[in-house]
Amino acid sequence: MLSLIGLVGGLTLLIVLTIRGMNLFIAAPTCALIVALTSGMTVFVGDGNFVQTYMSGFTSFIASWFFMFLLGALFGKFMEDTGAADALARWIIGKLGYKKAIFAVVAACAILTYGGVSVFVVAFSVYPMALSLFKDANLPRRFIPATLAFGSVTFTMTSAGSPEIQNWIPIKYLGTSPFAAWEVSAVVAVFMAVFGYWWLKKMVTNAVSKGETFHNKPEDPEIVERDLPHPFTGLIPLFVVLIISFLFHETYKEMALIVALGSGVLTLMVINFKFFQNLGAAVNMGTTGALIAIGNTAAVVGFGAIAKTTDAFQSTVEIMTQIPGNELIGAAIAVSVIAGLTGSASGGQAIALPLVGPYYMDQGVDPEELHRIVSISSGALDSLPHNGYVVTTIRAICHETHQAAYGPMAALTVIVPLIGLSMAIALFIIF
């Protein structure tokens, strides 16, 4: 009981502190320490002590994703410094009009995500263009994180055919393919895309009608009158990243992102070298941004590493995987809750599937249906305020606060996927 109180209390406190803007390097380990102490974990001595376990989760995330964060941050900063993002934004506004600024950002994120680019990297890459588009259209910038997230972690990340790991992890446990249950997946993805876009537009329109406009921040690049490169010099590097990641993701897995992003950075440097304002400053700022972003995310991952070792967490997993009633509903609840506790869609799957997979398949559940339910459900409650992607996008990339930006993001990345999940379950039960 004490372990359960500590787990729930620590998670609740982490969410509250995150929303209030406390530095995650302080908030995450503090809350993790509460969870550890209430579970009887030693702080400094013995195998599996608090410091060892927390730092294992922290450093393993950095070891796995450092180069992706670094190259993604450099890519975004180079797009900004060369003016390629501004040029592309103005071209899009000229062709589509200011009313299509949101659509352009969502489409760019969706294309890159479905092309295999990590959702973290997509946020880094598209943000400079999104900032320019929102500024030119005079839209409230607090909706930029929600717009980036909607195009990245909803209808694309967990859909059939997506190369994102949230669609590939179930293959290992269920023996399926990335196109499992593609018919239902397509219906749900279209619904989430259409409904989510309508809701996003409605939220922005309501904010504008109340007098909200774009406002500059000290972190924004200084806008000076200068010659801009051709708009397509902003598109070409994006397509280089997309094509290379798509061609090599099956062979090299996440390592393909290093090749793709490195190629995108080099392409951008070659075709727009003369448009750099200050290459050295861009490298320094991009590197610093990458370190802050990956550090914030790793701090939350460390909390998840502590949470996973507690008796309360293990008991929760067992209860969630034995929910009576329809098997697909039970699997959806199990994966959603575990993803919420760990703040990770992939983490929720990796923990739940070894138990959920054999348990439900032994009961005759169609593995393709289970694959799709597990994938979609992992992308809902994972997006609570302490989620690494949420924290990185809102704070480190967009320089916003949770108070201002999380509401719209939660609507699109938690509620919309939950509705889509309910639709998928209903379709599987009916047909």
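Guide: A salt bridge is counted when a side-chain nitrogen of Lys or Arg lies within 4 Å of a carboxyl oxygen of Asp or Glu. The model is predicted, so local features need pLDDT of at least 70 and side-chain atom pairs count only at pLDDT 80 or more, while totals for chains, interfaces and linings use all residues. Residues are numbered from 1 along each chain as its sequence is written, and side-chain values use heavy atoms, with hydrogens and water left out.

Visitor: How many salt bridges does this rule give?

Guide: One of the pairs is Glu400 with Arg141, whose closest N and O atoms are 3.2 Å apart. By the stated rule, the number of salt bridges is 4.

Visitor: How far apart in sequence are the parts that Glu400 and Arg141 tie together?

Guide: Helices here are DSSP runs of H or I with at least four residues, strands are E runs of at least two, and both are numbered from the N terminus. Glu400 and Arg141 form a salt bridge. Glu400 sits in the loop between α17 (388-397) and α18, and Arg141 in the loop between α6 (119-137) and α7 (144-153), so the parts tied together have a sequence separation of 259 residues.

Visitor: What are the closest N and O atoms' separation in the pair of Glu212 and Arg142, and how many residues apart are the two?

Guide: Glu212 and Arg142 form a salt bridge with the closest N and O atoms 2.8 Å apart. Glu212 belongs to the loop between α9 and α10 (232-252) and Arg142 to the loop between α6 and α7, so placed that the pair links distant parts of the chain, at a separation of 70 residues.

Visitor: Which residues do salt bridges with shared partners join into one network?

Guide: Lys217 forms a salt bridge with Glu400 at 4.0 Å between the closest N and O atoms. That pair links distant parts of the chain, 183 residues apart. Through shared partners, one network joins Arg141, Lys217 and Glu400.

Visitor: Is Glu400 buried or exposed?

Guide: Residues count as buried under 20% relative accessible area, exposed over 50% and partly exposed in between, with a 1.4 Å probe and protein chains only. The relative accessible area of Glu400 is 7%, so Glu400 is buried.

Visitor: How many disulfides are found?

Guide: A disulfide is a covalent bond between the sulfur atoms of two cysteines. Here the criterion is a pair of cysteine sulfur atoms within 2.5 Å. The sulfur of Cys109 has its closest cysteine sulfur in Cys398, 9.7 Å away, which is too far for a bond. By the criterion, the number of disulfides is 0.

Visitor: How are the rings of Phe195 and Trp199 arranged: stacked, edge-to-face or tilted?

Guide: Rings of Phe, Tyr and Trp (its six-membered ring) pair if their centres lie within 6.5 Å; planes under 30 degrees apart are stacked, over 60 edge-to-face and the rest tilted. The structure holds 14 aromatic pairs. For Phe195 and Trp199 the centres are 5.8 Å apart and the planes stand at 45 degrees, so the pair is tilted.

Visitor: At which residue does α18 bend by about 35 degrees?

Guide: The bend at a residue is the angle between axes fitted to the seven residues ending there and the seven starting there. In α18, a bend of about 35 degrees occurs at Met409.
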